[in-house]
Amino acid sequence: MSHLLERFLRYTKVHTTSDPDSPTKPSTARQWDLLRLLHTELEELQLPATCYEAGYLIAHIPATAGYEGAPSVAFLAHVDTSPEAPGEQVSPFLHPNYDGKPIQLKGSVLSPSDYPDLLRYVGHTLITSDGTTLLGADDKAGVAILMTLAEELQQRPELAHGPIALAFTTDEEVGRGLESFDESLLGAAYAYTIDGGLEGEFEYECFHAASAHITATGHNVHPGSAYHTMRHALQSLIKLDYRLGYESERPEVTEGREGFLHLCQMEGDVSSATASYIIRDHDRQLLKQRLERIREIAQEISSEPHAAPLTVEVSYQYRNMYDYIAPHPEVIEHAVAAYEAVGVKPIIQPIRGGTDGAVLSERGIPCPNIFTSGGNFHSIHEYCSLDAMERCLAIVTQLVRLYATSDEQA
Ligand SMILES: [Zn+2]
């Protein structure tokens with residue numbers, strides 16, 4: 001069995017589900033189980049690594065002799081799995097030379113008629129769970145790829161590379177991946193997350209993200225004597241939602257580069273009510289316009305007779321990483337060259353969400369996202385391909401060599 005496969009299977013069996021409702025960091029103590037296992041394995045490889053209290057592990061692979069001056073590159077993968085599907089007692093199943101037919105799992109069928117992307121992996125060694133849990137390829141495929149990279153660079157000194165940092169993080173799935181993360185510890189000029197989807201995918205654009213929290217302050221009196229007195233908080237919010245007129249701008253009817261406005265929550269009564277929206281767009285102007293529209297309509301409603309006044313609180317969540325990556329085209333060019341050198345056609349697409357790389361890019365280390373081979377993330381129908389994981393490993397290996405040798409030419 002290949003070291004990559006062996007590692008992947010070992011890591012999937014460690015229960016590392018994160019918890020969106022936990023205030024601690026990491027959100028669940030069990031994520032330490034995998035961080036500690038990785039720490040031990042890195043020590044066995046004689047690589048200096050440190051676990052940090054906030055829930056991350058950083059390892060440094062020193063440059064090969066003569067390449068100490070090459071740009072330093074960091075790679076990141078997260079150890080937690082999504083709380084959206086069970087993640088305990090994962091039993092991975094291998095389907096060698098996958099024939100493209102439906103796969104019977106416990107309680108359901110994984111079928112290309114539901115998931116046509118499965119057909120991209122015909123002939124590959126496909127890996128699924130038994131159908132009762134997620135698989136955890138998101139992002140244990142990334143973790144296994146980086147650990148195998150560490151092993152290969154350590155054991156094959158002929159592979160010239162500059163200084164490399166590997167970071168294993170927690171709580172990515174609950175949006176807190178880089179909370180309390182000190183990026184200066186990476187000592188890196190460039191970074192990549194290994195946390196993408198199907199073979200070939202390469203991402204360096206994501207949404208601009210904001211949220212709007214709206215509070216309505218009503219005035220409650222007996223409905224029988226409410227004439228010209230009552231101000232109905234929840235009605236003001238319902239009016240706002242209606243006047244936004246965003247039927248064609250909702251998540252369920254938008255795709256590709258189309259942004260959206262999404263009502264996450266609305267609740268309350270006559271006296272008080274709240275609503276929360278998230279607003280997403282790859283284009284910052286369009287995001288701002290949507291926020292402006294919310295503010296204008298809220299103001300308009302607030303000034304109408306009998307309306308409960310509304311206050312709008314906007315917070316920006318993350319920005320499109322392309323803003324920060326664009327000034328460093330080499331971070332894209334080297335990756336594309338590495339994909340092509342391995343014979344994988346890059347499928348470049350904007351992410352309809354954010355990544356830890358978006359946060360890292362904003363903090364000054366441009367950080368695109370490389371595929372792991374996984375599909376159907378956060379689901380009991382999650383799958384990945386060993387063949388495609390091997391190609392990801394080859395791409396990352398090629399990438400570190402490119403950074404070392406392009407510096408040589410400069
Ligand atoms: Zn992930």
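**Pocket**

I found that 43 residues line the largest pocket, with E172, I351, G353, G354 and T355 nearest its centre. A pocket here is an open set of points on a 1 Å grid over the protein atoms alone, where a 1.4 Å probe fits, with protein on both sides within 12 Å along at least five of seven lines; lining residues have an atom within 4 Å of a point. This is a predicted model: local features need pLDDT of at least 70 and side-chain atom pairs pLDDT 80 or more, while totals for chains, interfaces and linings use all residues. Residues are numbered from 1 along each chain as its sequence is written, and side-chain values use heavy atoms, without hydrogens and water.

Which element gives the most to the lining? I got α8, with three residues; helices are DSSP runs (H or I) of at least four residues and strands (E) of at least two, numbered from the N terminus. By class I noted 12 nonpolar, 15 polar and 16 charged lining residues, where Asp, Glu, Lys and Arg count as charged, Ala, Val, Leu, Ile, Met, Phe, Trp, Tyr, Cys and Pro as nonpolar, and the others, Gly among them, as polar.

**Sheet**

Next I looked up an open, antiparallel sheet of four strands, in the order β12-β13-β11-β14; strands pair if DSSP finds at least two bridges between them. The edge strands are β12 (260–268) and β14, each pairing on one side only. I noted eight bridges between β12 and β13 (residues 272–281). H262 stands opposite I278 in β13.
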